Amino acid sequence: MKITVQSSKVVTPSCSGGRPSGDPEAVPLTVFDKVNYDLYAYGLYFFRPPAPPSSVLEAGLAAALAEYPEWAGRLGFDARGNRAILLNGAGACFVEATADVPLDSVMPLQPATSETLSLHPSGEDDDAVDVDGELMLVQVTRFTCGSFVVGTAAQHLVADGLALRSFVNAWGQATRGAAIDPVPVHDRVSFFVRRDPPRVEFEHRGAEYKQPRTQTQAGSRKSRSNVDDKVVMHRVNFSREFVVELKKRASAGAPGPYSTLQCVAAHLWRCVTKARRLDGCTGTELRISVNGRARMHYPRVPEGYTGNVVLWARTTTTAGYLVRRPLREVVEVVSKAVAAMDDAYFRSFIDFASSGVVEEEGLVPTAEVDPSETMLSPNVQVQSLPGLPFQGFDFGCGPPFFFMPSYPPVEGVIFIVSSFSGDGSVDAYVPLFSQAMDIFKNCCHSLSAADARL
């Protein structure tokens with residue numbers, strides 16, 4: 001499959017008339033924005049024909065940007081020196097490309113290959129696409145059969161997965177002339193005000209924040225990853241029947257059934273640990289993203305909020321415990337960690353992050369990424385795209401029939417997404433060193449392993 005970029009342009013909001021004169025409004029990043037990943041998040045959406053004309057897609061994108069001016073802005077600083085989104089109407093990058101094959105001839109595409117990664121902009125300058133600080137980049141790739149793929153690259157400091165989903169759905173709604181729903185809420189101040197007096201009831205050092213890594217520590221981590229095998233990614237499909245049975249076994253004896261995410265995440269944590277062949281005494285941490293919209297109550301954060309409201313539930317044990325104990329015991333500790341991420345925890349985080357301690361102690365987000373690192377072992381991180389699939393992302397020819405998160409693989413960083421088939425199945429994208437992948441594949445589809453030692 002050869003992907004050829006045909007054009008690349010900047011699309012500005014339809015009602016802005018171009019860049020505004022004078023100094024643009026600067027919207028400071030919230031404590032949730034600043035503690036998140038300072039990188040682009042990538043996604044691929046696969047559509048059947050007929051594909052809308054480029055002019056229609058471009059007009060819809062311009063209309064959506066008018067409703068979501070954050071994505072047409074640029075990162076910068078406000079008058080006080082705080083990092084902010086500059087609402088300057090500079091626009092989003094819109095790339096048009098073609099593939100020289102029918103889409104079905106290459107499906108299912110393998111994740112994290114060079115061909116797959118070429119279906120979305122990289123967020124960095126290359127020979128075909130000029131990138132000038134855009135916070136949103138989209139690429140429409142048309143296949144010879146009439147099918148098309150929409151690839152997005154979105155700066156994570158601007159929004160979390162739920163807010164990004166609202167924007168791409170708005171693009172579809174604007175393209176087909178429908179009303180924008182949910183109505184975007186742009187207020188990044190009122191929902192995250194520090195309490196008076198503040199109440200820091202939980203320890204946030206080592207959770208959301210850490211001391212900056214020294215050059216010696218960074219070099220040690222880098223050298224560990226260099227001696228290991230190549231990182232490869234495997235897409236695991238868990239059928240509805242498998243998920244139902246897994247939840248049944250994991251929830252045996254519990255007051256009620258555990259969630260699909262918690263059961264699948266705990267199952268993958270055990271299988272990954274087994275595949276890594278870790279010493280039984282080695283500590284391992286599971287980190288799961290948690291959406292605060294449903295957990296914060298005073299005030300409640302509305303569904304249409306356009307920024308980040310995500311923290312991470314963490315639970316730690318030993319590799320030996322994971323592989324020796326049944327799944328139901330592992331899910332129990334995972335569930336307790338997720339349940340602990342309640343309104344009190346989120347408010348405690350706001351009070352801590354707003355107190356000045358982060359700046360005084362020189363703390364940095366634990367989400368800070370070293371580009372040279374390719375491994376998370378012995379830990380596992382699970383990212384879950386919240387809620388239903390992107391069924392609202394419809395340009396008038398129907399919603400996508402498939403979605404794939406797309407990113408250069410980091411060993412141990414797992415994405416879990418609901419299947420677009422609507423049959424209750426689940427896809428997990430699991431990156432591991434190739435030497436561990438055979439063991440992982442042998443145990444990840446084993447239900448008997450849920451009740452026994454791996």
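Domain bounds here come from an automatic or database domain assignment. On that basis the protein splits into domain 1 (3-176) and domain 2 (230-444), and the C-alpha centres of the two lie 25 Å apart.

Before the details, some housekeeping. This is a predicted model, where local features need pLDDT of at least 70, side-chain atom pairs count only at pLDDT 80 or more, and totals for chains, interfaces and linings use all residues. Residues are numbered from 1 along each chain as its sequence is written, and side-chain values use heavy atoms, with hydrogens and water left out.

Now the interface. With contact meaning heavy atoms within 4.5 Å, domain 1 contributes 48 residues and domain 2 contributes 47 residues. About 4200 Å² is buried between domain 1 and domain 2, 66% of it on carbon and sulfur atoms. Buried area is the accessible area (1.4 Å probe) that two parts lose on being put together, summed over both. Of the area that domain 1 buries against domain 2, Phe32, Tyr37 and Arg165 supply 18%, more than any other three residues.

Next, the polar side. There are 17 residue pairs in polar contact across the interface, both residues at pLDDT 80 or more. A polar contact is a pair of N or O atoms within 3.5 Å; within protein, one must be able to donate a hydrogen and the other to accept it, and residues adjacent in sequence count only if both atoms are side-chain atoms.

Which elements of domain 1 touch domain 2? At least two residues each come from α1 (31-34), β3 (40-47), α3 (114-117), β8 (148-155) and α4 (161-175). The largest share, 10 residues, comes from α4. Helices (H or I, at least four residues) and strands (E, at least two) are DSSP runs, numbered from the N terminus.

On to salt bridges, each a side-chain nitrogen of Lys or Arg within 4 Å of a carboxyl oxygen of Asp or Glu. The count comes to 17 salt bridges, and the rule finds one across the interface of domain 1 and domain 2. Asp160 pairs with Arg293, the closest N and O atoms being 2.8 Å apart. Asp160 sits in the loop between β8 and α4 and Arg293 in the loop between β11 (283-291) and β12, so this pair ties together parts 133 residues apart in sequence.

Last, the aromatic pairs, of which the count is 25. Rings of Phe, Tyr and Trp (its six-membered ring) pair if their centres lie within 6.5 Å; planes under 30 degrees apart count as stacked, over 60 as edge-to-face and the rest as tilted. Tyr37 and Trp312 are edge-to-face, 5.9 Å centre to centre with 85° between the planes.
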